[in-house]
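Morning, everyone. I have one structure to go through today, and I will keep it short. Please have a look at it before I start.

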Amino acid sequence: MLDAGPGRGEQILRLARSGHRVTGLADPDLLDVVRAALDGEPEETAGRVDLVGGAVAEAGARFAPGSFDVVLCHSDLTEAREPGNTLAGLARVLAPGGLLSVVVRNDDALAVHPARLGDWDAALAALDYPARAEHPLRRETFARAMSGAGTPLSAWYGIGVFSSGPSGDGPDEPDPRMLDAEERAGRTDPYRSVAALLHLCGVRG
């Protein structure tokens, strides 16, 4: 697996602990953070992880075509200057039949969550944003880009339908009822279309 833009490495750790071989393509400034997380792991787990310094946009040039069975990009694609080109590079390094999994902001629902919190200035600004944005992040746009890259959209889900993030900010465990509601709504129309984030999955032809 390739985890492109792994942040602090939480996802890499979960995958490696589950027995997967994972390469992390991380911002050089975060490499030490991910390495520190690995230092506390058993040798068997840490030995399944390779770390490479570089930007997500460089994935297509960093690795040979067809190098990975799964490519994950769950954070950095939203901030990419040319998300279509970055997506094509990620798809390029997938083996035939491989899974591309990306998470992006849902610009068609930017106003929903600030409005629920009563932040009307932010809600009004969010309503105007897609018209001003050079690359508004929409499911239809990414579906076309994924198809053009040879990884047509096979499934998609909403993340953060009722909440603004995957879990609460406090120290307590999130309410399991909230998690259940989020998972079910994230798979169901029309709820998933107003989620804060979109999880898009494509398969390499």
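Which side chain does the side chain of serine 101 join in a polar contact? Histidine 74, and the contact is 2.7 Å. Bear in mind that this is a predicted model.

Let me stay with serine 101 for a moment. Serine 101 sits in strand β5, which covers residues 94-105. Is serine 101 buried or exposed? Its relative accessible area is 3%, and the cut-off for buried is under 20%, so serine 101 counts as buried. Leaving aside residues up to four places away in sequence, serine 101 touches Val71, Leu72, Cys73 and His74, and also His199, Leu200 and Cys201.

Now the sheet. The strands form an open sheet of 7, in the order β3-β2-β1-β4-β5-β7-β6, and the pairing is mixed. At the edges are β3 (49-53) and β6 (153-159), each of which pairs on one side only. On average, neighbouring strands of this sheet are turned by 15° against each other, direction ignored.

One pairing in detail. Strand β1, residues 2-4, pairs with strand β4, residues 68-73, in the parallel sense, over 2 bridges. Opposite aspartate 3 stands leucine 72 of β4.

Last, two helices. Helix α8, residues 139-148, packs on the sheet and touches β5, β6 and β7 (197-203). The direction of α8 makes about 20° with that of β7. Helix α2, residues 31-39, lies across β2 (22-26) and β3, and runs at about 165° to β3.

Key. Residues numbered from 1 in each chain as written. Predicted model: local features only at pLDDT ≥ 70, side-chain atom pairs only at ≥ 80, totals over all residues. Heavy atoms only, no water. Helix = DSSP H or I, 4+ residues; strand = E, 2+ residues; numbered from the N terminus. Buried < 20%, exposed > 50% of the residue type's maximum accessible area, 1.4 Å probe, protein only. Polar contact = N/O pair within 3.5 Å; in protein donor to acceptor, adjacent residues only side chain to side chain. Contact = heavy atoms within 4.5 Å. Pairing = 2+ DSSP bridges. Axes fitted to C-alpha atoms, helices over the stretch in contact; angles between N-to-C directions.
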